[in-house]
Structures are given as structure tokens and as C-alpha cells.
Amino acid sequence: QVQLVESGGGLVQAGGSLRLSCAASGRIFSINAMGWYRQAPGKQRELVATITTGGSINYADSVKGRFTISRDNAKNTEYLQMNSLKPEDTAVYYCNANGVKCYDDRYRVEPFERAYWGQGTQVTVSS
């Protein structure tokens, strides 16, 4: 089993900053990509940013130039630095780990990959 634990959400005024963290734990051999998604009330979950093990990054157009995703591969941890926050950034932010390979009970690498989600952390930006 793999667990993703997010932290760093909260309430901030427009123009402010927050930094989200997500730590993956468990019998992890490798994680191909990690990312952040968000879901606002009444809307579908949408991609915010993703980063691969090799450092390839993708941002949603709405956050380019304001948000920065980063990753510590050795710690299986990712971060999202959010600057110049806007009220429309208000949402529950979810951490995602994709292409996860784990060790089995005998510490052999399992041949298949899985995806995991965190429980979500609320970000509220007041105007």
C-alpha cells in the first residue's frame, strides 16, 4: 500500500502565497510522475501541474507563471509553490502519484504500475 499525505493548505488573501507538500510512503520502488489536481465546488477535477522523475513539467494555462511544482525524488515528495493567488484558485487540491511501482512481500519489484491519490487539502483565497 502507498499513502500520499498532503499538507500546507489554508486560507490566504488574494495576492498571497501558499506552499503545498505531498509525501508518498510505502513499499515504493519508483514513481514515474507526480502531480497536483484541484476541484472547486460544482466543477470537475482539473490538472494543475505535473512533474516526471526526469524533471519534465506541465502546467495548466491558468497557473503558468504563478505556480511552481518541484519534486524530491529521494524522498518521494513533491511541492507546489503558489504565488499571486486569486479567488478562482480556491479549491481542494489533490496530490497524485502515477506509474508507481512497489516492492512485494519478498522485496521483489512488482511488474505492474498503479496510481494513487491523496486525501486533498483545502485552499481558500479571499478577495
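This is a predicted model: local features need pLDDT of at least 70, side-chain atom pairs count only at pLDDT 80 or more; totals for chains, interfaces and linings use all residues.
Trainee: Why is asparagine 76 called buried?

Mentor: Set the value against the cut-off. Asparagine 76 has 18% relative accessibility. Buried means under 20%. So asparagine 76 counts as buried.

Trainee: Where is asparagine 76 found, and what does it touch?

Mentor: Asparagine 76 sits in the loop between strand 7 (67-72) and strand 8 (77-82). Leaving out residues up to four places away in sequence, asparagine 76 touches Cys22, Ala23, Ala24, Ile28, Ile31 and Met34. A contact needs heavy atoms within 4.5 Å.

Trainee: What makes strand 4 and strand 5 a pair?

Mentor: Count the bridges. Pairing takes at least two. Strand 4 (residues 28-39) and strand 5 (residues 46-52) are joined by 6 bridges, and they run antiparallel. So they pass the test for pairing. Methionine 34, one of the residues that asparagine 76 touches, stands opposite isoleucine 51 in strand 5.

Trainee: How many residues lie between strand 4 and strand 5 in their hairpin?

Mentor: There are 6 residues between them. Glycine 42, in the turn, has a positive phi of about 80 degrees.

Trainee: How do you know that strand 5 and strand 6 pair?

Mentor: Use the cut-off of at least two bridges again. Strand 5 is joined to strand 6 (residues 57-59) by 3 bridges, in the antiparallel sense. So this is a pair as well. Threonine 50 has asparagine 58 in strand 6 as its bridge partner. These strands form a hairpin with 4 residues between them, where glycine 55 takes a positive phi near 95 degrees.

Trainee: Which strands form the open sheet?

Mentor: Its 4 strands come in the order 1-3-8-7, with antiparallel pairing.

Trainee: What makes strand 1 and strand 7 edge strands?

Mentor: Strand 1 (2-7) and strand 7 each pair on one side only. The twist averages 15 degrees from one strand to the next. Strand 1 pairs with strand 3 (residues 18-26) over 6 antiparallel bridges. Within that pairing, leucine 4 has alanine 24 in strand 3 as its bridge partner.

Trainee: Why is the contact of arginine 27 with aspartate 105 called a salt bridge?

Mentor: The cut-off is 4 Å, from a side-chain nitrogen of Lys or Arg to a carboxyl oxygen of Asp or Glu. Here the N to O distance is 2.4 Å. So the pair qualifies. The two residues are 78 residues apart, arginine 27 in the loop between strand 3 and strand 4, aspartate 105 in the loop between strand 9 (91-102) and strand 10 (114-117).

Trainee: Why does aspartate 105 count as exposed, and arginine 27 as partly exposed?

Mentor: Exposed means over 50%, and aspartate 105 has 65%, so aspartate 105 counts as exposed. Arginine 27 has 36%, which lies between the 20% and 50% limits, so arginine 27 is partly exposed.

Trainee: What makes glutamate 110 and arginine 114 a salt bridge?

Mentor: Their closest N and O atoms are 3.8 Å apart. That is within 4 Å, so the label holds. Glutamate 110 is buried at 16%. Arginine 114 is partly exposed at 38%.

Trainee: Which residues do salt bridges join into one network?

Mentor: Arg38, Glu46, Arg66 and Asp89, through shared partners. Aspartate 89 and arginine 66 are both buried. The structure holds 7 salt bridges.

Terms used. Residues are numbered from 1 along each chain as its sequence is written. Side-chain values use heavy atoms; hydrogens and water are left out. Buried means under 20% relative accessible area, exposed over 50%, partly exposed in between (1.4 Å probe, protein chains only). Axes are lines fitted to C-alpha atoms, for helices over the stretch in contact, and angles run from 0 to 180 degrees between N-to-C directions.
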